[in-house]
Amino acid sequence: QKQDLARKLNLRPRQVEVWFQNRRARTKLKQTEADCELLKKCCETLKEENRRLHKELQELKLMKQTATAAASPPPFYMQFPTATLTMCPSCEKISNGGDHHNHHGASTSSFLIGSKPAHLIFNPFSTHPSTAC
């Protein structure tokens, strides 16, 4: 093909060969330049996004420091008093820590888990001298 084209164009075969090599090099160079421009644009976009995120991070850190320094109220779940619940092992009735001495149906702060009859509540943390029901 190179010989045939050289004859038709009245050129030497080496001239045809060099012309095609140059053409390939120019095409490759143009593609590389286009790729480079695209990568530059992507890089600038990423830099802008990175700057924006760093700024946002600094603002969030400042907000956190300000909130901590202002002695914000405790979280919602910590604003309620803690309760001590105990369960009688024989009747499975649950009671608050204060009415463990007698819960034969007279206690209003107890509720029944099982269907067993009511007995005294066993509270292992109580100050009652007896550790059993």
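Predicted model: local features only at pLDDT ≥ 70, side-chain atom pairs only at ≥ 80, totals over all residues.
Figure 1. The structure holds eight salt bridges, and Asp4 takes part in a salt bridge with Arg7, at 3.7 Å from N to O. Asp4 and Arg7 both belong to helix α1 and lie three residues apart, about one turn of the helix. Asp4 also forms a salt bridge with Lys8, where the closest N and O atoms are 3.6 Å apart. Asp4 and Lys8 are separated by about one helical turn, because they are four residues apart in helix α1. Asp4 is partly exposed, with a relative accessible area of 35%. Arg7 is exposed at 62%, and Lys8 is exposed at 65%.

Figure 2. Glu37 and Lys40 are joined by a salt bridge, with 3.7 Å between the closest N and O atoms. Both residues lie in helix α2 (residues 13–69), three residues apart, about one turn of the helix. Glu37 is partly exposed at 42% relative accessibility, and Lys40 is partly exposed at 48%. Elsewhere, salt bridges that share partners connect Lys2, Arg14 and Glu17 into one network.

**Figure 3. The aromatic pair.** One aromatic pair is found in a search of the whole structure. Trp19 and Phe20 form this edge-to-face pair, with 4.9 Å from centre to centre and 85 degrees between the planes. Trp19 is partly exposed, with a relative accessible area of 46%, and Phe20 is partly exposed at 31%.

**Figure 4. Cysteines without a disulfide.** Zero disulfides are found in the whole structure. The closest cysteine sulfur to that of Cys42 belongs to Cys43 and is 8.7 Å away, so the two are too far apart for a bond. Cys42 is partly exposed, with a relative accessible area of 40%, and Cys36 is partly exposed at 35%.

**Figure 5. Confidence along the chain.** The protein averages a pLDDT of 76, and 59% of the residues score at least 70. The pLDDT is below 50 over residues 106–120, a stretch that has 40 contacts in the model beyond near neighbours in sequence.

Methods: Residues numbered from 1 in each chain as written. Heavy atoms only, no water. Disulfide = S-S within 2.5 Å. Buried < 20%, exposed > 50% of the residue type's maximum accessible area, 1.4 Å probe, protein only. Phe/Tyr/Trp six-rings, centres within 6.5 Å; stacked < 30°, edge-to-face > 60°. pLDDT = per-residue confidence, 0-100. Contact = heavy atoms within 4.5 Å. Salt bridge = Lys/Arg side-chain N within 4 Å of Asp/Glu carboxyl O. Helix = DSSP H or I, 4+ residues; strand = E, 2+ residues; numbered from the N terminus.
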